[in-house]
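Please open the model in your viewer and keep the selection panel at hand. The stops below are meant to be followed in order.

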Amino acid sequence: MLNELLERAQCYDVETRVGGITNHLPMTLIALDRLGAPAERLDEYFLSYSEKLKPFQNAACEKDFSWLKHLGNKDKFNAYLNFYSDQISLLGIKLALSKYINRLIQGCAASAFHALIRLSYGIIQENNKEIAFGLAHMSAYFMRLPVPIRVNSKPESVINNALRAFSKYVALGDSVTKRITDISTKPEYSSVNYYPADLSLRACSKLFSKLYLQSHDFTVLHTVTSCHAMRVLLPYIDDKDIALKSYWSAALVAILSIKDLKFNFVIEDEHSENLNLQTAINSNDDHTIKLVFSCIEEYKHYNDVNYLKILSGKLKA
């Protein structure tokens, strides 16, 4: 049932009818399936969500297409999709990912991390077409950011220093992507774009889950789900140091795009292990469904109680 729905979902554009808003349908279907939703619920969700979408207009392959030359060019999405579909057919998933992800991960803020997340869900599902969509999305929406400067500071200190520097600035834009873009182009960003020494993905995971518990902010939610996505992709990446630097810089920009955000280090939320997954399965909120799936997966991997605390808030039994 899921693969059939994914095939139908791949007939839609990566953006909804509202320009700049990412299509979450394939990702949410995979998350719902992993949470145990029955076929009837998947079908119901597909029918409801697809009303927001516009058909995908495919195009003929471009001869001698240069994937590096057109990074960040949204008009080349079709060409990228055809290119990566061919590469996956020729090389297989593992080799195709290893060949292209090292460069693409350096623009992982693409579409407010949604391209990265869609690619990770394709890998989880081992769905060739979803992986091609994810790679094409990361390529056509590639978001270049300045390379961060390495400092001997804790991640929390780097974030608080950056938040202080931008405390009086309100990011411009009516979407997460536009606000991230606005912050990244400010000259002041270079003065706070630091990369903490000895940073690990585990440290990012703990930090972003803590920040979400304190803020319950929509943009911070994307750092939690994207951190899960990074963990899925990391085994295919050769230079993990560059990948983490790129991801950290993207996450920092996202955090700075949030108005009046504070990071206090202290968390008082209680948690319960008696969670009702049916709450997420019945939800029509794509971000909630994906957040619940990511938190379950991250808790399984890191055994970090912060994820149970997030889940307790989202899945009241």
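For the first stop, a pocket is taken to be an open set of grid points with protein on both sides within 12 Å along at least five of seven lines, and the residues that line a pocket have an atom within 4 Å of a point. Its volume is the space filled by probe spheres set on those points. The model on the screen is a predicted one.

**The largest pocket**

By that definition, the largest pocket holds about 280 Å³ of space. Select Ile 21, Thr 22, His 24, Phe 218 and His 287, which are the closest to the centre of this pocket among the 18 residues that line it. Then colour the helices α9 (176-184), α11 (218-233) and α14 (286-302), each of which supplies at least two residues of the lining. The largest share of that lining is contributed by α9, with 3 residues.

**Leu 311**

Next, select Leu 311, which sits in helix α15, a run that covers residues 305-314. Is Leu 311 buried or exposed? Its relative accessible area is 2%, and since buried means under 20%, Leu 311 counts as buried. Show its surroundings and, leaving out residues up to four places away in sequence, you will see Leu 311 touching Leu 275, Val 292, Cys 295 and Ile 296. For a distance across the model, pick the C-alpha atoms of Leu 311 and Ser 205, which are separated by 15 Å although the two residues are 106 residues apart along the chain.

The phi of Asp 198 is near 60°, a positive value in a residue other than glycine. Asp 198 has a relative accessible area of 71% and is therefore exposed, the cut-off for that class being over 50%.

From there, go on to His 216, which is placed in the loop between α10 and α11. Although His 216 is not a glycine, its phi is positive, at about 50°.

**Lys 76**

For the last stop, select Lys 76 in the loop between β2 (53-55) and α4 (77-91). Which residues is Lys 76 in contact with, leaving aside its neighbours within four places in sequence? The contacts of Lys 76 are with Glu 62, Phe 65 and His 70. With a relative accessible area of 19%, Lys 76 is classed as buried, because that class takes in values under 20%.

Methods. Residues are numbered from 1 along each chain as its sequence is written. This is a predicted model: local features need pLDDT of at least 70, side-chain atom pairs count only at pLDDT 80 or more; totals for chains, interfaces and linings use all residues. Side-chain values use heavy atoms; hydrogens and water are left out. On a 1 Å grid over the protein atoms alone, a cavity is a set of points where a 1.4 Å probe fits but cannot get out, and a pocket is an open set with protein on both sides within 12 Å along at least five of seven lines; lining residues have an atom within 4 Å of a point. Helices (H or I, at least four residues) and strands (E, at least two) are DSSP runs, numbered from the N terminus. Buried means under 20% relative accessible area, exposed over 50%, partly exposed in between (1.4 Å probe, protein chains only). Contact means heavy atoms within 4.5 Å.
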